[in-house]
Amino acid sequence: MPTKRSFFTDFAFRVLLPSLLAASGIATLLLYIVNGIFDETNRLDAAYARKAANSAIASAREDLAIVIRDNAVWDDAVANAYGNTSPDWLDGTWGSATAFGIYDGAYVVDINGKTIYGARDGKTVDVPITAVFGSDIGQLISSLPDDGKTFETKSGIIRSGDILSVVAAAPILPSTDGVRIPADSPRLLVLSKALDSKLLADLSRRFVIADMKVTTADLNGSGTVSIMSPSGVKIGTLTWADRSPGDVLRSKYGNVVSVILSLFLFVIAVLIYTSWKGFRDAYESQTEAVAKSLRDDLTGLANRRELLAVLTACLAQARAGQTGLSVVYADLDGFKEVNDSYGHEIGDLLLKSAAAGFAHLASTANLVARLGGDEFAMIVTGPDSAEVSKVLARNMITFLEEPMVFAGRVASVSVSVGIVNMEDDEADVEEMIRRADVAMYAAKAAGRNRLHIYDKSLDFKRDENRSIAKALREHIDRGSLTVVYQPIVDARTRRIKGVEALVRWPKDTPLHYTPDVFIPVAEEFGLIEDLGYF
């Protein structure tokens, strides 16, 4: 019996210390993961916002580029913007449009940047475009094609004083082949749109970024994007409100995480206490646990462990006393069908009833055991053990001939029984059980619901069947089996209606097997489906 000191030492090393280490490790890991999630959420949101802000600026440029394409490729524009320009047309078309918010500045310039016409906020202005946008406008328009045929749009952000504007430029070209531009150099249309609060509010809504603002100050940080001029110079910064969703989640769910950790540690404490009680009870009832481990929980019969122990003792006594010993091995026929049809509850009731019946019939046996599933074994000793075993087997078969009724459901099963009698050889316990199992399977192969007594020819037959199965597998894999066709004749008309395909063993093999031999082997060794496919 273990001492109290050994009990506490065993409990400390096997339960307490591992539990404390596991609890602290899991708690640390949980905090690390949760904080990591919060921080990663902040990082991902900042990266998304930065990407969205860049997309917003690009979208503003693309929108103005689309507008300028609709205005620059136009026969009327060529007719009124080249040669002697038509101020009335220019005012009524591009000039008046600057008052409606699509763009707030419109200019017609030549390829060298000389201003031919200008309008801002609905009014005509007589100011060179370079005075408005500085040298960056020259950088923008200098890269446009000047052949009078190729259309291309250039856009960018240009600083004018403290104002940043989206500017787009494109050559003015005809929209049809019937209109030609004059021989002088191509003229360009330049449209501008200030990055004001209204445009930024629209971009904020479209790209789901709160409080977007533009400043000419040189700022840097996670919530900023640098705005570059066409010449590659930083001219401003786009800023927005940093949402930090990870910090919001941390403030919202931090208490929840703390409560979960507290509950987890409480559960660990309860488990440790429960484990301590379990250890104490286990130490106090060790003998009872060993005894219980030798019984089958469902039927109350002995289990395989006790069968091996009892059979070992009985075999030694039978050989020493020169008395008989038999092992009866039984397997229920049709139990799987009942279990599948009616469910495990009915199946368990059937096993309990069969076990009770077998135990009653084998009341004089040394031991009745359930080996698992629907298999049972009995040990019979004595000088007449062989005859007693046969009588017991027949009684078991008779017992199950009458169907059983459970909850109004009829369960009909039979039993196949194999018997092995102790011989003069040195067969051990495992060999005795194996032989009984072989005899039981011989009873099943012979048609079920019967008994079969083991003799060594069963092993010879099984070895032969294994050899046949191996050869059959090889023939199936090689496709070397042959097929003959038996006509199917209509008895009335005497005409052939079809043929039946019959498989035959190859004739060029040393051993030849007929279908009545190799077909059962195929069924026994799981080859029948492959044979059917062939």
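Predicted model: local features only at pLDDT ≥ 70, side-chain atom pairs only at ≥ 80, totals over all residues.
**Helix pairs**

Two packed helices are described by the angle between their axes and the distance between the axes. The table gives both values for two pairs.

| Pair | Residues | Axes come within | Crossing angle |
|---|---|---|---|
| H10 and H11 | 335-342 and 344-361 | 6 Å | roughly 140 degrees |
| H9 and H13 | 304-321 and 429-445 | 9 Å | roughly 110 degrees |

The axes of H10 and H11 cross at roughly 140 degrees, which makes H10 oblique to H11. On the H10 side, the contact uses Phe-335, Val-338, Asn-339 and Tyr-342; on the H11 side, it uses His-344, Ile-346, Gly-347, Leu-350 and Leu-351. Sorted by class, these are six nonpolar and three polar residues, with no charged ones.

For H9 and H13, the crossing angle is roughly 110 degrees. Angles from 65 to 115 degrees count as roughly perpendicular, so H9 is roughly perpendicular to H13. The crossing is right-handed. H9 contributes Arg-304, Leu-307, Leu-308, Leu-311, Thr-312 and Leu-315, while H13 contributes Val-429, Glu-430, Met-432 and Ile-433. Seven residues of this contact are nonpolar, one is polar and two are charged.

**Nonpolar cores**

The largest nonpolar core contains 43 residues, and Trp-94, Ile-172 and Leu-238 have the most contacts inside it. Helix H1 (residues 4-72) supplies the largest share of this core, 10 residues. Leaving aside residues up to four places away in sequence, Trp-94 touches Asn-71, Trp-74, Ala-77, Trp-89, Tyr-103, Ala-106, Val-108, Ile-172 and Leu-189. Another core, of 30 residues, lies apart from the largest one; Phe-335, Ala-362, Leu-392 and Met-404 are among its members. Phe-335 is also one of the H10 residues that meet H11.

Note on methods. Residues numbered from 1 in each chain as written. Heavy atoms only, no water. Axes fitted to C-alpha atoms, helices over the stretch in contact; angles between N-to-C directions. Helix = DSSP H or I, 4+ residues; strand = E, 2+ residues; numbered from the N terminus. Parallel < 35°, antiparallel > 145°, perpendicular 65-115°, else oblique. Contact = heavy atoms within 4.5 Å. Nonpolar A, V, L, I, M, F, W, Y, C, P; charged D, E, K, R; others polar. Core = buried A, V, L, I, M, F, W, Y, C linked by side-chain atoms within 4.5 Å. Buried < 20%, exposed > 50% of the residue type's maximum accessible area, 1.4 Å probe, protein only. Left-handed = near helix turned anticlockwise from the far one by under 90°.
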